[in-house]
Amino acid sequence: MHLYYHNLWCSFLKGSALNNAELNKNQIKIPGAEIVQREKGPVCAARAKEITSFIVMDVLERAKELEGRGEEIIHLEIGEPDFDTPEPIREAAQRALAAGDTHYTHSLGKLTLREAITAFYRRKYGVSLAPEQIIVTSGSSPGLLLALSVLMEEGREVILPDPHYACYPNFIRYLGGKPVYLPVRGEEGFKYHPAALKKAIGPATAALLLNSPANPTGAVYNGHELAELADLGCPIVSDEVYGGLVYGEEAHTILEFTENALVIGGFSKVYAMTGWRLGYVIAPPAYVRPLQRLQQNLFICAASFVQEAALAALTRCDSHVAAMVEMYDRRRCYLLERLRGMGIAPPVEPKGAFYVLADTRAYTSDSLSFAFEILEKAKVAVTPGVDFGPHAEGHLRISYANSLEKIAEGLDRLQSFLAQSKAKKG
Ligand SMILES: Cc1ncc(COP(=O)(O)O)c(C=O)c1O
């Protein structure tokens, strides 16, 4: 498609043979062809055009615009810890910068950091890894791109839950793959049903995507459930960026149950380091060299002094993480109690990450318009469910990565908005 327009545009530029005098500047006439409208803007690759917007960012950007006009918005949309990055992490980065640690590192990441990641997995999960299995990346998003890149072939499929993290299908499509959605039901805690998975896995399946704790549902798979998924024998891409943010559940990694997995880890959520951009991939040995070659070409390495900061996160911040987890849990309990009172709580309690997928289907089947209406009228920013797949339509994702006071105020506003909405509906 883009090539077609490109060719038309070239003909237009050559133009002398064409009689364009009576056409307006957005129309092109080439001999033997109909008049066509020229595309506005630069010629853009179809691959890039197919990427859909990350709607939560659209909500955030509109909220910022309203704030710029003096409105006071309560932010319950963004998946970003409200906490400052813990002091030992900031100190380590400052020390590294002062010492001139500003050069390229090994493409896999500093050995000290990779060793610290292996020590962390041994301590937390009892899993034995080699530092050579780890590729340190500039956030878990590049890690996801690398991991999917070594698995995808044109036309191959990745099974993912619906609802799912908004960006997954775009990553898959961008790499020429096909996302295959498996609906997960609120009544079943938004988790995969092994029997349905067994049916969905076929010769075209490149991988099964797992995200536990999950965005946007807060679902957490227990050890037994993870073992069942591992037993299916399908390669697993396990996005564990929220690993450790669990409430009343034991934290697990898929690596306790299988080696046939590429694990994506990150520092953004657990250590309140979203702006630092650091993550990693843990891969079976056969994948490491291809991953490394991609890393060298696409990113070279992750930021050197940020790797020092991550080392401090893993070795000196257990108590900081525990305090944040305790605070998230208090907010989660409060939020769930309020949502139950409003009749929009999910049927099964979410046990991880920092999101609740509120069921507002009694109010809307168009979550996008609904979320923007809530933002404009109630001044509360929430994410429309449709960002996370068709099965999340009619829902709103509420993030509790904000203070209890702000959450309380946001819910007061949402409650009055819903009451008015119901009254209007009659
Ligand atoms: C499930 C999931 N994976 C990956 C990411 C990206 O995280 P990072 O900041 O490490 O790139 C996010 C961010 O919201 C997420 O929710």
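**Helix α11 and its setting in the predicted model**

Within α11, the buried residues are Phe 305, Val 306, Gln 307, Glu 308, Ala 309, Ala 310, Leu 311, Ala 312 and Ala 313. The elements that cover these buried residues of α11 include the helices α4 (87-98) and α5 (111-125), together with the strand β4 (134-137).

The protein chain as a whole contains 14 helices and 14 strands, and of its 426 residues 44% are buried. When contacts between residues at least 6 apart in sequence are considered, 72% of them join residues at least 24 apart.

Around the ligand, 13 residues form the shell, of which Gly 139, Ser 140, Ser 141, Gly 266 and Ser 268 come nearest. Divided by class, this shell comprises 10 polar residues, 2 nonpolar residues and 1 charged residue.

Confidence in the prediction, expressed as pLDDT, averages 91 over the protein chain, with 89% of the residues scoring at least 70. Over residues 1-20, by contrast, pLDDT stays under 50, although the model has 21 contacts beyond four places in sequence for this segment. Where pLDDT is low, predicted coordinates should not be read in detail.

How values were computed
Residues numbered from 1 in each chain as written. Predicted model: local features only at pLDDT ≥ 70, side-chain atom pairs only at ≥ 80, totals over all residues. Buried ≥ 20, exposed ≤ 12 C-beta atoms within 10 Å, placed from the backbone. Helix = DSSP H or I, 4+ residues; strand = E, 2+ residues; numbered from the N terminus. Contact = placed C-beta atoms within 7 Å. pLDDT = per-residue confidence, 0-100. Near = placed C-beta within 6 Å. Nonpolar A, V, L, I, M, F, W, Y, C, P; charged D, E, K, R; others polar.
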